[in-house]
Amino acid sequence: MYTPRNVAVADPIMMGTYAKNALGPLIKGGNLGAPTSAALIANRAYYVPFYTSTGYSLARWWWQNGATVGTDYIQGGIYDENFNLFRASPRTLSAGTVNQLQFSTPGIHGTNITSGGDVTDGTVYTTASVTLKAGVLYCMSVENSAASAAVVSSIDSATGGYPTFTSRSTTQYNTTAERVSIWSAVPTADFTGTLRINFGATQTGCVWSLNAFYHVDTATTDGIVQNAVGTGTSVTPLATLAAYGSSNNVGHAAFGINANATGAPTSAATKELSDNGIATPVQALQTTMAHNDTTMDETITSVAWGACAVELKSLGTGAVYVPRMRGWLAFHGSGTTATIFRRGGVDATQANVFIQTSATGLPAIATPVSSTTGLGAVTNHGFTRSTSP
Amino acid sequence: MTGARYTPAGVYQPDFWTVGSHDFKYHHRVGSSNTTINTAWVANLGVWVPVQLDVYCTVYEWWWVNGTLTTAHNVDFGLYNEDFTKIQTLGATAGATTASVLVNTSTWANLVVAPGNYYMAFSDSSTRNLICSADALGIYASSGCFEQSSVGTLPATATPVLYNRAFLPLFGMHMMTVVP
């Protein structure tokens with residue numbers, strides 16, 4: 001005698017793009033074949049539709065490496081159906097056995113929200129409109145100039161409901177003519193609007209960068225564990241943090257330089273989140289993040305510099321909760337050396353896969369386009385409640 | 001989050017009378033090769049294939065498909081919890097040796113199983129040919145399959161590793177639905 005379903009059965013142990021919760025039925029129904037090893041497109045994010053039918057305990061992210069591993073960084077993520085980032089894996093170096101699965105435990109993910117600059121003399125500098133999500137850590141890095149560059153007095157908005165920003169690290173450099181700072185905020189409610197960077201005295205120019213950090217334990221001081229500053233005139237701006245409270249924690253740095261020039265991370269393990277400057281007066285700001293790295297530095301052409309760094313407290317590597325939802329399984333690869341199992345071409349096009357170019361990994365709010373033949377891919381990746389093997 | 005508006009499927013989702021290792025509805029197979037490939041087995045290799053059952057059912061026998069040749073062998077089948085603890089196994093049992101036929105077990109004790117996620121397990125003591133699929137290494141791992149060596153008799157608690165083969169045997173269980 002048939003008995004109808006009367007309990008919620010958990011979704012597959014390997015939740016992925018080829019499961020029935022995603023594109024499996026379409027690909028199987030079309031007899032399109034299995035994924036195969038192929039190179040990625042650098043800094044390409046892919047978004048594959050999926051759903052969870054019940055709550056899911058995400059213990060690890062996974063993807064299937066192809067015939068070549070190494071060099072490039074991989075990231076998986078989950079977006080809601082409106083393309084707001086819900087969870088993302090830490091940026092992880094492709095490694096392990098070729099043609100086999102690689103796993104990544106939950107960790108901190110950082111991404112740039114907006115950056116800009118203004119050459120106008122003033123006491124208020126205004127960012128582009130941004131959308132900030134409740135519970136996410138936002139760090140505003142500011143680089144400003146004046147005869148004696150002032151501290152930021154506050155960060156607010158003409159729009160009500162803005163989150164409270166708190167100063168976490170600051171230093172003058174170039175004698176007293178420039179300053180670099182990091183402020184933090186964790187909104188208690190979603191906010192959309194421009195942000196104002198306010199000073200108590202007129203400044204001659206300002207550059208800013210707002211970055212978001214996910215999977216941060218923000219219970220105390222917004223998740224900021226410690227800070228360090230440094231100044232100098234070498235080719236290596238540096239702020240040296242003390243030993244981290246946990247190897248899962250992340251360093252976030254802001255480098256102000258007395259030139260309208262770019263900087264570069266000193267290693268591939270460091271991710272540059274933003275890099276922008278202005279011409280009058282010349283000044284620039286770079287922001288980066290790196291896992292468990294006390295030496296927060298970058299490389300520039302020799303010029304006066306100031307550096308601020310903060311340690312961000314991770315929520316750890318334990319499982320995270322994914323609610324019943326419909327959304328997008330996201331994947332990002334940084335380069336073209338590492339390969340991954342995927343199906344591309346027309347398969348991705350008909351499968352409603354979206355794509356986006358993003359140099360800094362998975363964005364906080366995706367603005368993808370529908371994939372066209374040859375550009376999209378259904379990467380074989382996902383997440384699992386299995387903690388091992 | 002907008003995703004919370006998702007509406008779950010209706011309750012009428014009857015299970016069928018058989019669940020196989022390459023079944024897409026219950027196993028979420030990623031590979032695509034034909035399940036007709038004659039493959040030499042690895043002696044005493046055990047495989048664990050995840051399955052989802054939507055309703056109460058009674059597992060009353062298992063099946064596998066011999067490949068060519070008539071080599072003698074023992075087979076074992078079992079159902080495991082998601083933590084790899086055994087629910088029930090057949091125990092090492094002499095398997096039919098006829099070449100290229102589907103074979104059913106005859107000594108499995110009926111097992112009532114609640115809806116949930118499980119692993120179907122299979123092992124064979126020999127290197128005889130079995131009918132398998134042949135997808136790329138890693139494809140089966142991404143479907144959630146695991147393996148363990150030296151388990152001609154399936155263990156009480158498995159300690160498997162990621163599935164590391166480019167083949168997967170064609171096997172499964174027959175069942176009937178019952179009132180819980």
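Predicted model: local features only at pLDDT ≥ 70, side-chain atom pairs only at ≥ 80, totals over all residues.
In chain A, the place of P281(A) is in the loop between strand 24 and strand 25, the latter spanning residues 282–291. The peptide bond that joins T280(A) to P281(A) is cis, with omega at about -10 degrees. A cis peptide bond is also found between S388(A) and P389(A), where omega is about -5 degrees; P389(A) lies in the segment that follows strand 34 (381–384) of chain A. Most peptide bonds are trans, and most residues other than glycine have a negative phi.

Strands of a sheet pair through backbone hydrogen bonds, in either a parallel or an antiparallel manner. Within this sheet, strand 22 (residues 250–257) and strand 27 (residues 305–312) of chain A run antiparallel and are joined by eight bridges; V250(A) has L312(A) in strand 27 as its bridge partner.

The loop between strand 19 (205–214) and strand 20 of chain A holds H215(A), a residue other than glycine whose phi takes a positive value, near 65 degrees. H215(A) has 24 other C-beta atoms within 10 Å and is therefore buried, the threshold for that class being 20 or more. A positive phi is also found in chain B, at S100(B), again a residue other than glycine, with a value near 55 degrees. S100(B) is located in the loop between strand 7 (93–94) and strand 8 (102–104) of chain B, and it is partly exposed, since 13 other C-beta atoms lie within 10 Å.

At the level of domains, chain A is divided into domain 1, made up of residues 14–106 together with 320–384, and domain 2, which covers residues 109–312. The centres of domain 1 and domain 2 of chain A, taken over C-alpha atoms, are separated by 31 Å. Contact between the two involves 13 residues of domain 1 and twelve residues of domain 2 of chain A. On the side of domain 1 that touches domain 2 of chain A, the residues comprise eight nonpolar, four polar and one charged.

Elsewhere in chain A, T367(A) occupies the loop between strand 31 (354–357) and strand 32 (369–370). With 9 other C-beta atoms within 10 Å, T367(A) is exposed, as the limit for that class is 12 or fewer. Although T367(A) and N84(A) are 283 residues apart in sequence, their C-alpha atoms are 9.4 Å apart in space.

For chain B as a whole, the secondary structure comes to two helices and 15 strands. Of its 180 residues, 46% count as buried.

How values were computed:
Residues numbered from 1 in each chain as written. Chains lettered and ligands numbered in written order. Helix = DSSP H or I, 4+ residues; strand = E, 2+ residues; numbered from the N terminus. Domains from an automatic or database assignment. Contact = placed C-beta atoms within 7 Å. Nonpolar A, V, L, I, M, F, W, Y, C, P; charged D, E, K, R; others polar. Pairing = 2+ DSSP bridges.
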